[in-house]
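Trainee: I have a new model open on my screen. Could you walk me through reading it?
Mentor: Gladly; let's take one feature at a time.

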Amino acid sequence: MPSLVLMERAAIATVEAMMKDFEFKSALILCGTGNNGGDGIAVGRLLHQAGKAVTICVVGDPERASEETAAQLKIARNLNVPCVYSLENSWPNDPDTLIVDALFGIGLDREVEDPYLEVIRRVNDGTFRTVAIDIPSGLSADNGYVFGAAVIADKTYSIGFFKKGFSSQESPAFTGEIQLLNIGYPPLTELAHIIDQEESNGEQI
Ligand SMILES: NC(=O)C1=CN([C@@H]2O[C@H](COP(=O)(O)OP(=O)(O)OC[C@H]3O[C@@H](n4cnc5c(N)ncnc54)[C@H](O)[C@@H]3O)[C@@H](O)[C@H]2O)[C@@H](O)CC1
Ligand SMILES: [K+]
């Protein structure tokens with residue numbers, strides 16, 4: 001299944017769950033340049049189309065965005081979804097704004113530095129309701145290690161599978177409640193079988 005298909009399914013499932021869980025008129029979507037950021041941009045587009053006042057903020061260099069995230073950004077721009085590249089004039093005034101954390105997902109593998117660190121601190125110092133896509137940014141999906149700082153979310157929408165890191169002692173303080181979203185991955189047992197088969201065929205997964 002192409003990543004963009006999975007990304008769209010992840011975004012649709014996240015938006016559906018968010019709309020059930022929270023009442024809000026505006027949302028600030030904080031997006032990194034990896035595919036977690038792509039999920040966030042797609043979520044922003046869907047919320048915009050649902051009539052919410054959305055600002056997508058891309059943190060980091062958009063020129064270095066993953067292929068899928070660059071595609072999502074192009075779609076969002078084509079559809080006139082407000083996109084900014086700095087929070088300087090875009091930090092919300094309305095206390096009911098929902099913040100969506102899509103800075104990093106399972107690809108985070110080193111200490112978080114500025115500009116991401118500054119953004120995470122700003123989110124945590126504020127009082128806005130915050131949801132995380134897949135995993136709170138800053139938390140290791142593998143073991144729950146905090147890479148310097150991590151977003152403190154009210155709710156985490158975990159895409160496809162629970163992450164190993166969620167079982168660490170520190171993790172619940174960052175994830176809040178976790179909801180698993182089904183985006184059409186096969187069950188783990190079947191997946192393990194597919195991976196075994198592909199590995200024995202010498203295919204790269
Ligand atoms: N793999 C899949 O099947 C799907 C993945 N999806 C999303 O994609 C995410 C994973 O995407 P990626 O693998 O692109 O990972 P991330 O979006 O977590 O970002 C990884 C990027 O950030 C960089 N990076 C890592 N640590 C950093 C740090 N401390 N400071 C600055 N840059 C850092 C990496 O070099 C890489 O370029 C998932 O968490 C999920 O949200 C969804 O789109 C659904 C489908
Ligand atoms: K995230």
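Trainee: How many strands form the sheet, and in what order?
Mentor: In general, strands of a sheet pair through backbone hydrogen bonds, either parallel or antiparallel. Here 7 strands make an open sheet, ordered E3-E2-E1-E4-E5-E6-E7, with parallel pairing. Strands (E, at least two residues) and helices (H or I, at least four) are DSSP runs numbered from the N terminus, and two strands pair if DSSP finds at least two bridges between them.

Trainee: Which strands stand at the edges?
Mentor: Strand E3 (83-84) and strand E7 (177-181) do; each has a single partner strand, so one side of each lacks a neighbour in the sheet. Elsewhere, E1 (residues 26-31) pairs with E4 (residues 98-102) in the parallel sense over 5 bridges. Ile-29 has Val-100 in E4 as its bridge partner.

Trainee: How is the model's confidence read?
Mentor: This is a predicted model: local features need pLDDT of at least 70, side-chain atom pairs count only at pLDDT 80 or more, and totals for chains, interfaces and linings use all residues. Residues are numbered from 1 along each chain as its sequence is written, while chains are lettered from A and ligands numbered from 1 in the order in which they are written. On pLDDT, the predictor's confidence in each residue from 0 to 100, the chain has a mean of 95, and 99% of its residues reach 70 or more. For the complex, the predictor gives an ipTM of 0.98 and a pTM of 0.95.

Trainee: Which residues have the most contacts inside the largest nonpolar core?
Mentor: In soluble globular proteins, nonpolar side chains tend to be buried together. A nonpolar core is a set of buried Ala, Val, Leu, Ile, Met, Phe, Trp, Tyr and Cys residues joined through C-beta atoms within 7 Å; buried means 20 or more other C-beta atoms within 10 Å, exposed 12 or fewer, partly exposed in between, with C-beta atoms placed from the backbone. The largest has 50 residues, and Ile-29, Leu-30, Cys-31, Val-43, Ile-56 and Val-100 have the most contacts inside it. H1 gives the most to this core, with 6 residues.

Trainee: Is Arg-110 buried or exposed?
Mentor: Arg-110 counts as exposed because it has 8 C-beta neighbours inside 10 Å. Arg-110 sits in the loop between E4 and helix H4 (116-125).

Trainee: How many residues surround ligand 1?
Mentor: There are 26 (C-beta atom, placed from the backbone, within 6 Å), and the closest are Gly-34, Asn-35, Asn-36, Gly-105 and Gly-107. H2 gives the most to this shell, with 5 residues.
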